[in-house]
Protein chains: 2
Amino acid sequence: MKRIAESTVRRLSLYLRFLEEFEAQGHQTISSGELASQGGTTSAQVRKDLSFFGSFGKRGLGYSVSALSASLREILGLGRQWNVIIVGAGKIGAALAQYKGFRERGFKVVGVYDTDSARVGRSLDGVHVKDQRELEGDVAKLKPQIALIAVPAEAAQPLVDRLVKSGVRAILNFAPTPLTVPKGVTLRSVNMALELEILSYALVNADD
Amino acid sequence: MKRIAESTVRRLSLYLRFLEEFEAQGHQTISSGELASQGGTTSAQVRKDLSFFGSFGKRGLGYSVSALSASLREILGLGRQWNVIIVGAGKIGAALAQYKGFRERGFKVVGVYDTDSARVGRSLDGVHVKDQRELEGDVAKLKPQIALIAVPAEAAQPLVDRLVKSGVRAILNFAPTPLTVPKGVTLRSVNMALELEILSYALVNADD
């Protein structure tokens, strides 16, 4: 499905963030060295990353900030709006629904769902939490491309199956459990307890 | 600093989660195949992952659920309590402070800090938000091993520098910006907008 490595996509996304800051400050060109220092990498790596997508820079002159950021936005699929639904309106789901960073980059929350009647009807930054029974009907109508799921672990796989059956092709999972999706569907997981465990592993296995 | 690959630590953490469920259901042994299906990997990979840490299973009998989970907890540094502070009590920070999954695995939130006087004094699941000026004093007193930072991008690097100077050795960053730490300090980043961009990249570059 992916033609370039995820680590490259990750760096491109960081370069874009830096280019946008640079653009806001009125700069017109940027060197691969400046991009590298921001992305925590090397000039050679920056040139290699960008070479995947054709020729951008001019030797000695650096990259055009506006041209490069426009290209990166297109490469990353950010030249358009993505409709996002959030399933699960607990603390994590509610925080996600109100996260400004999503909207700023073209990800629009078009629906939030929960099974708990105490949460249904609440407003999260202008989006009302709806009953999860409305999920299939809404997906058919709103055609969200991306679903964020923030439900208890045991509810996650049946929910993913429902979403996939309804036509959702990209899922970001916050439930602390491994999930499976069929080919053609992209699934990513953010597991905060697991991130902490990787830190605790590093602390107990520190050399010093 | 790390002796085994992060991807291995990630799988060990998933195996442990599954073993704990299995233990709760009263099972005493588990095969590498059962662990593999849960971790989204193969039996051979499971055996290889566990072989890093000595011999656990008996051929044909599988692994002892209780012995293996005890060993994994020890390997992952979970046999103890870790004190965690959270800096930034906005929506993300507040959600983190109240996330039950942390406490269940031995990560105790001992302090939450913010610079915004409107947030200082609020109670988040029994922990009161304190003024960020108290950070250094509290770190000296409470000796948190891990800091979670959920502050605006431009505030993140100066904050990390303060934390490192105070003696914090592991940081989980939720600010959408790359950060640097000196050798001997472990930094991990969770960037939700970036996760969405990786999904949007996959959507626009889908083969079908």
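User: How far apart do the C-alpha centres of domain 1 and domain 2 of chain A lie?

Analyst: The model is a predicted one. For chain A, the domain assignment gives domain 1 as 6–75 and domain 2 as 82–195. The separation of their C-alpha centres is 32 Å.

User: Which residues have the most contacts inside the largest nonpolar core?

Analyst: In general, nonpolar side chains of soluble globular proteins tend to be buried together. The largest nonpolar core here has 120 residues. Beyond four places in sequence, A:I86 touches A:G93, A:L96, A:A97, A:V109, A:V112, A:L148 and A:A150. The residues with the most contacts inside the core are A:I86, A:I149, B:I86 and B:I149.

User: Which residues of helix 8 of chain A are buried?

Analyst: Helix 8 of chain A covers residues 153–166 and reaches 21 Å from first to last C-alpha, close to the 20 Å expected. The cover over its buried residues includes strand 3 (82–87), strand 7 (146–149) and strand 8 (170–173) of chain A. Just after the helix, A:G167 takes a positive phi of about 110 degrees. The buried residues of the helix are A:A156, A:L159, A:V160 and A:L163.

User: Is B:L35 buried or exposed?

Analyst: B:L35 sits in helix 2 (residues 32–39) of chain B, and its contacts beyond four places in sequence are B:Y15, B:F18, B:I30 and B:V46. B:L19 is 16 residues away in sequence, with 8.0 Å between the two C-alpha atoms. Because 26 other C-beta atoms lie within 10 Å of its own, where 20 or more are required, B:L35 counts as buried.

User: Which strands are the edge strands of the open sheet in chain B?

Analyst: The sheet has 7 strands in the order 5-6-4-3-7-8-9, with mixed pairing. An edge strand pairs on one side only, and in chain B this applies to strand 5 (123–124) and strand 9 (186–189).

User: What angle does the direction of helix 8 of chain B make with that of strand 7 of chain B?

Analyst: Strand 7 (residues 146–149) and strand 8 (residues 170–173) of chain B pair in the parallel sense over 4 bridges, with B:L172 as the bridge partner of B:L148. Helix 7 (residues 135–142) of chain B packs on the sheet against strand 3 and strand 4, at about 165 degrees to the direction of strand 4. Helix 8 (residues 153–166) of chain B also packs on the sheet, touching strand 3, strand 7 and strand 8. Its direction makes an angle with that of strand 7 of about 170 degrees.

Definitions and conventions. Residues numbered from 1 in each chain as written. Chains lettered and ligands numbered in written order. Predicted model: local features only at pLDDT ≥ 70, side-chain atom pairs only at ≥ 80, totals over all residues. Core = buried A, V, L, I, M, F, W, Y, C linked by C-beta atoms within 7 Å. Buried ≥ 20, exposed ≤ 12 C-beta atoms within 10 Å, placed from the backbone. Contact = placed C-beta atoms within 7 Å. Helix = DSSP H or I, 4+ residues; strand = E, 2+ residues; numbered from the N terminus. Expected span 1.5 Å × (residues − 1). Domains from an automatic or database assignment. Pairing = 2+ DSSP bridges. Axes fitted to C-alpha atoms, helices over the stretch in contact; angles between N-to-C directions.
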